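Morning, everyone. Please bring up the structure on your screens.

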Amino acid sequence: MKLVFAGRVIEWRGPAPYYFVPVPDEDSADIREVAVMATYGWGVIPVQARIGDITFETSLFPKDGRYLLPLKNAVRNPHGLAAGDDVTVDMTVRLQP
C-alpha cells in the first residue's frame, strides 16, 4: 500500500523529545483496513518512507485512531525539520508475507 500525504511535524515530549508526522485521518483509515496483514505486534505498522531525498524504514505508532510516523534525527536534521514544519511524505506500508 503506497500513500503520499502532507503533514506537520509534531513534538512529543517525554524523557527525550520525539518527533512525528501524523498520518491524515483518511489515510489512517486505509491503513487500519490492512493492519492485520501488516502489523508484527502491538499495533505498530512497518513502513518505508521518504521525505525529500532521504528514504528510511520505521514503524507507525497507533495513537487516538490514527497513526504517527516517527522522525529520527537522521531524517530531521539534514532537512532542518522542527516541530511545526510542514512536510510531504511518500510512504509504503510493508505487508507481512
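Start with K63. K63 lies over the face of W12, at 6.0 Å from the ring centre. Keep in mind that this is a predicted model.

Now the ring pairs. How many aromatic pairs does a search of the whole structure find? The count is 2. One is W12 with F20, a tilted pair, with centres 5.8 Å apart and 40° between the planes. The cut-off for edge-to-face is over 60 degrees, and stacked needs under 30, so the rest count as tilted.

Next, F20 and F61. Their ring centres are 5.9 Å apart and their planes meet at 65°, so this pair is edge-to-face. F20 sits in strand β3, residues 18-22, and F61 in strand β5. Put together, W12, F20 and F61 make one aromatic cluster.

Buried or exposed, how does F20 count? F20 is buried, at 3% relative accessible area. W12 is partly exposed, at 44%. F61 is partly exposed too, at 38%.

Last stop, T58. T58 is in strand β5, which covers residues 54-63. T58 has a relative accessible area of 13%, so T58 is buried. Which residues does T58 touch, leaving aside neighbours within four places in sequence? The contacts are I45, P46, V47, L69 and P70.

That's the tour. Over to you.

Key:
Residues numbered from 1 in each chain as written. Predicted model: local features only at pLDDT ≥ 70, side-chain atom pairs only at ≥ 80, totals over all residues. Heavy atoms only, no water. Helix = DSSP H or I, 4+ residues; strand = E, 2+ residues; numbered from the N terminus. Buried < 20%, exposed > 50% of the residue type's maximum accessible area, 1.4 Å probe, protein only. Contact = heavy atoms within 4.5 Å. Phe/Tyr/Trp six-rings, centres within 6.5 Å; stacked < 30°, edge-to-face > 60°. Lys NZ or Arg CZ within 6 Å of the ring centre and 35° of its normal.
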